[in-house]
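Colleague: Please take a close look at the shell around the ligand. Then connect that shell to the rest of the chain.

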Amino acid sequence: MTAPHCPATPAAAWERIRAVNPADYARTRNALDGAVSGLSPYITHGFVSLREVFEGVAQQHPLNPQDKFVFELGWRAYFRHVWQHRGDGIFTALHSGPLPEHHYSGRVPDDIRQARSGVNAIDMAICGLYDSGHLHNHARMWLASYMVHVRKIHWRAGADWLYGHLRDGDLASNHLSWQWVAGTGSTKPYLFNADNVARYAPAPWHSPGSVIDTSYERLAQISLDPNHRATTTSPAAPHRPATTEPNLWSAPPSPWKHEAPDAAALAHRQVYLVHPWSLGPLPSDLPANSLVIGISVSDFHQAWPWSQLRWDFVEQRMADVVALRWHGSAQALQSALAHAQSVRCVADPHMDRYLPPGVVSPSAAPLFAPVDGLCSSFSKWWKHAALG
Ligand SMILES: Cc1cc2nc3c(=O)[nH]c(=O)nc-3n(C[C@H](O)[C@H](O)[C@H](O)COP(=O)(O)OP(=O)(O)OC[C@H]3O[C@@H](n4cnc5c(N)ncnc54)[C@H](O)[C@@H]3O)c2cc1C
């Protein structure tokens with residue numbers, strides 16, 4: 001799997017939208033070289049909305065709600081639905097999993113961080129993640145399943161770690177997917193074996209002779225055995241040198257430059273805020289004399305630091321759309337913004353809690369009509385979620 005080229009422009013997102021072929025997608029999406037869209041960094045950071053993706057694809061191909069591609073857009077919307085209803089409850093188990101929580105370690109061990117677990121599929125996934133900030137969905141499932149069920153690492157530790165390295169990291173899609181794999185957010189744990197890897201991944205990923213080269217029955221036993229914690233012993237795996245885990249940054253790293261929030265810059269101006277989840281085109285109705293400020297909030301990033309790849313992606317786009325760039329605490333930001341005549345920005349659940357009340361407005365018409373009341377499964381939600 002090569003690093004996807006990921007220019008930080010809406011034009012690049014539209015190029016990917018135009019390249020989606022729903023029939024090829026449905027047929028090949030499970031393969032690492034399948035016809036997936038590569039749109040997730042653009043969707044996550046608000047370059048394009050789910051509705052724009054749907055409508056853009058539908059302009060080129062007949063598309064209906066039963067298409068696999070639409071179904072997958074639905075998964076993203078469903079995870080947002082769960083986040084909206086459960087709030088920070090998505091960071092704890094939605095229900096019990098295969099084993100009581102205390103049987104899982106709260107730490108991601110060094111052999112995994114250094115991509116030398118001895119299971120080729122896992123080590124290839126981690127190297128690719130570090131190189132590109134991206135992982136194919138199937139590889140994410142393998143990585144999460146191996147960590148939770150074979151290595152007995154708590155899904156939350158795995159989710160927090162992976163989030164930091166993804167360019168498309170989304171707290172709902174990421175943490176709830178980990179819960180889905182772990183079995184704390186689904187009816188059964190997701191398990192995979194070496195045959196599954198051999199079917200969907202190229203040869204360097206194949207993992208014969210490793211701990212995953214076994215039957216699904218044996219993997220189910222392993223997932224239920226609190227004492228089974230396979231280590232890096234895999235006779236068939238080639239010796240792999242340690243890979244250096246990229247740093248994660250809780251503030252925009254060099255070369256990006258920022259100022260602290262400053263009330264004096266506002267002088268009763270109409271302010272429009274661009275944040276890392278609203279990197280699409282500026283609104284067409286923005287008053288001509290508006291002050292457009294790019295912001296990032298230290299409270300968020302101290303809890304959820306990002307890789308240089310992700311900061312670069314966000315900052316390159318910010319540099320294209322704003323002249324003034326602030327990084328500071330939510331309190332400093334709110335104090336400064338109190339001096340503006342008015343403030344507007346696009347809503348996103350990663351950001352909303354840090355902004356002054358009343359400034360956010362929904363980004364675009366949602367693709368799926370909102371569903372009232374929490375649906376405990378995707379299938380229940382899907383029955384109610386009409387295309388809007
Ligand atoms: C452990 C794990 C962690 C994940 N973490 C994230 C994350 O942090 N951010 C994220 O956007 N997705 C996450 N996903 C979902 C999925 O892996 C990615 O959305 C997908 O791989 C992105 O590649 P793509 O844009 O080529 O997707 P495509 O297959 O082309 O799909 C198009 C779009 O549909 C949405 N989508 C597709 N599959 C899923 C899915 N299974 N769940 C939710 N939305 C989906 C995405 O927005 C994606 O861009 C995770 C999945 C797993 C198993």
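Modeller: The shell around the ligand draws on two domains: domain 1 (10-89) and domain 2 (95-224) each give at least three residues. Domain bounds here come from an automatic or database domain assignment. This is a predicted model, in which local features need pLDDT of at least 70, side-chain atom pairs count only at pLDDT 80 or more, and totals for chains, interfaces and linings use all residues. Residues are numbered from 1 along each chain as its sequence is written.

Start with the shell itself. There are 27 residues around the ligand, and Ser-37, Ser-40, Asn-137, Asn-174 and Ser-177 come nearest. A residue is near a molecule if its C-beta atom, placed from the backbone, lies within 6 Å of it. By class, the shell holds 11 nonpolar, 10 polar and six charged residues. Ala, Val, Leu, Ile, Met, Phe, Trp, Tyr, Cys and Pro count as nonpolar, Asp, Glu, Lys and Arg as charged, and the others, Gly among them, as polar. At least two shell residues come from each of helix 3 (40-44), helix 5 (68-86), helix 8 and helix 10 (171-182). Helices (H or I, at least four residues) and strands (E, at least two) are DSSP runs, numbered from the N terminus.

Now follow helix 3 and helix 5. Both pack against the buried residues of helix 4, as do helix 1 (10-19) and helix 2 (22-28). In helix 4 (residues 50-58), the buried residues are Leu-50, Glu-52, Val-53, Phe-54 and Val-57. Buried means 20 or more other C-beta atoms within 10 Å of the residue's own; exposed means 12 or fewer, and partly exposed lies in between, with C-beta atoms placed from the backbone.

Val-53 leads on to the core. Together with Ala-121, Ala-125 and Trp-142, Val-53 touches the most other members of the largest nonpolar core, which has 96 residues. Helix 8 (residues 137-150) supplies the largest share of this core, nine residues. Such a core is a set of buried Ala, Val, Leu, Ile, Met, Phe, Trp, Tyr and Cys residues joined through C-beta atoms within 7 Å. In soluble globular proteins, nonpolar side chains tend to be buried together.

Ala-125 shows the local packing. Beyond its neighbours within four places in sequence, Ala-125 is in contact with Leu-135, Ala-139, Trp-142 and Leu-143. Contact means that the C-beta atoms of two residues, placed from the backbone, lie within 7 Å.

What lies beyond the two domains of the shell? The assignment also gives domain 3 (249-356). The C-alpha centres of domain 2 and domain 3 are 34 Å apart. Six residues of domain 2 are in contact with eight of domain 3. On the domain 2 side, helix 9 (residues 155-165) gives the most, three residues. That side divides into two nonpolar, three polar and one charged.

Finally, the whole chain. The chain has 16 helices and seven strands. Of its 388 residues, 41% count as buried. Among contacts with a separation of 6 or more, 72% join residues 24 or more positions apart. The C-alpha trace spans about 65 × 45 × 40 Å along its principal axes.
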